[in-house]
Amino acid sequence: MSIKNITVLGSGVMGHGIAQVSAMSGYNVVLRDIEQQFLDKAMEKIKWSLEKLVSKQKITLAESDAIFARITTKVDLKEAVKDADMVIEAVPEIMDLKIKVYSELDKVADSNVIFASNTSTLPITEIANTTSRPDKFVGIHFFNPPQLMKLVEVIPGQKTDPQIVQATVDYVRSVKKEPVICKRDVPGFIVNRLFIPMVHEACWLKQRQNLTLEQIDSAVKFRMGFPMGIFELADFTGMDVIHKATIELYLRDKKVIFPHPEIERLYSEKKLGQKSGEGFYKYSDEKYERVQLDESLASKCNPIQLVANIVNNAAWLVTNKASDIEEIEKAAQLGLGLKKPIFETAREFGMKNIVSELVELAKKHGQFYEPDPLLVSMQ
C-alpha cells in the first residue's frame, strides 16, 4: 500500500506538528481546519519551527522552503481529501466531535482512503464502527510535541485489516518515529494506562502516608528511574489532559484507575500545571523551571506502592494480550522517558514484596489493587 499524500484534519498543536513531520519526510500534506485564520496561525508556527531547525543547522534554508511548500491548507473538506491516501484526524479529544467529523469525512473521501485517529484515550473500535470502513480505520497516537517525541502508538480496532496496521507502522517509521503496536483497543492503550493511574496513586500515597510532593517526586526520580517526579510530570502534561483521560479510562473500565479527588479539584480550580502557573507546584514565570529534588528527600519515601501500581498495569496489558513486556518497556522509555525498565525496577523491590503490597492494599482499599496473575506467577 503506497502512501504519498496525507491530509491532516485539525491544525492545533498536534495537527500542525504531524503535518510538519510528514512534510519533512517527503509527503505531500494538506492541512485542513474549519477556518482559514486557524490554518494561517498553524502555518506560522510551522515556519517558526523550520526556521529554528535552519538556525541549528539541522536542515538547510532550501530544505526548509521545500518542506514548507509541501504543505497546503484547505477549509473545504471535500477538496482537502480528494487526493489523500491517508487522513490523520487530530481534532480535540471529544467523542461527539470526532464522530461528527468522521460522518462528514466518510461521505467525501474515496473508499480506499485510510482513516487514522490521533487519540490518546478514546476507543478506536467505537469511532471506527460509525464509519463505512472499520477495516480501514486505525488509531495513531503521536505524543506531544510530535516534532520532538519519538514514540507513536498504533492501535488497531476490532475490524482493522492487518495490512492497514502494517501500512500505518511503515508510515510512522518513514517519518522517523518509533511505532509501538497496542494489539488490543484497551483503555489508555499502553503509555496512558501506565501514567494516568500512577498520578492518582501518587495522590493516594501522599494522603495515606502524609508525605510531601518533593519527597514522593524525589523517590520517583531517583528510585524508579523517571526523568522527573510524577507530580512534576503531571504539571508538565497539564491537569486538563489528565482529568479528561481519567474520565475516559474510568468510563471504560473501573479496574484501570482509582481516581483521587485532588485531580478534579485542581482541574476545576483551573490549576492546570505549568501552563497556568500552578498545579501541584507553583511556577513563577513563563520559563520552564525544575522542582528541586534530591536523594536525601528520596530516602524519606518508599515508593513500592507506585512501583506496584505501574507494574500491575503493565502486567495487565500482557495478560490481556494488548502488548508484551518488550514493547511496554520501549513505550515507557520513549513515551515517559524512563531510564530504567519497569520490570527491572520491580525486581529490585522484589516481586514477592510487590505482590504482598498489592494484597495488603486490596484488603484495605478494595479490588482495584488485586495483583495481576502474571505478577503472582513471577514471585
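Mentor: Begin with the record: an unreviewed UniProt entry lists residues 5–184 as "domain: 3-hydroxyacyl-CoA dehydrogenase NAD binding". UniProt positions are in the numbering used here, feature names are shortened, and annotations may be inferred rather than shown by experiment. The span of residues 5–184 is 43% helix and 21% strand, and its end C-alpha atoms lie 28 Å apart. This is a predicted model, in which local features need pLDDT of at least 70 and side-chain atom pairs count only at pLDDT 80 or more, while totals for chains, interfaces and linings use all residues. Residues are numbered from 1 along each chain as its sequence is written, and side-chain values use heavy atoms, with hydrogens and water left out.

Trainee: What else does UniProt list?
Mentor: For "domain: 3-hydroxyacyl-CoA dehydrogenase C-terminal", also from an unreviewed entry, it lists residues 188–283 and 306–377. Residues 188–283 are 64% helix and 0% strand; residues 306–377 are 75% helix and 0% strand. Helices (H or I, at least four residues) and strands (E, at least two) are DSSP runs, numbered from the N terminus.

Trainee: Where is Ser117, and is Ser117 buried or exposed?
Mentor: Ser117 is in strand 5, residues 114–117. Buried means under 20% relative accessible area, exposed over 50%, and partly exposed in between (1.4 Å probe, protein chains only). Ser117 has 0% relative accessibility, so Ser117 counts as buried.

Trainee: Which residues does Ser117 touch?
Mentor: Contact means heavy atoms within 4.5 Å. Not counting residues up to four places away in sequence, Ser117 touches Glu89, Lys98, Tyr102, Ile127, Phe137, Val138, Gly139 and Ile140.

Trainee: Why is the pair Asp185 and Arg252 called a salt bridge?
Mentor: The term needs a side-chain nitrogen of Lys or Arg within 4 Å of a carboxyl oxygen of Asp or Glu.

Trainee: What makes Asp185 buried?
Mentor: Its relative accessibility is 17%, so Asp185 counts as buried. Arg252, at 27%, is partly exposed.

Trainee: How many salt bridges does the structure hold?
Mentor: The structure holds 17 salt bridges. Among them is Lys340 with Glu348, whose closest N and O atoms are 2.9 Å apart. Salt bridges that share partners also join Glu262, Arg265, Glu269, Lys271 and Glu278 into one network.

Trainee: Why is helix 8 called oblique to helix 9?
Mentor: Axes are lines fitted to C-alpha atoms, for helices over the stretch in contact, and angles run from 0 to 180 degrees between N-to-C directions. Angles under 35 degrees count as roughly parallel, over 145 as roughly antiparallel, 65 to 115 as roughly perpendicular, and the rest as oblique. The axes of helix 8 and helix 9 (residues 213–224) come within 10 Å and cross at roughly 130°. Helix 8 is therefore oblique to helix 9.

Trainee: How are helix 8 and helix 12 set to each other?
Mentor: Helix 8 and helix 12 (residues 261–268) pack at about 105°, with axes 8 Å apart. They are therefore roughly perpendicular to each other. Val199, His200, Cys203 and Trp204 in helix 8 meet Pro261, Glu262 and Ile263 in helix 12.
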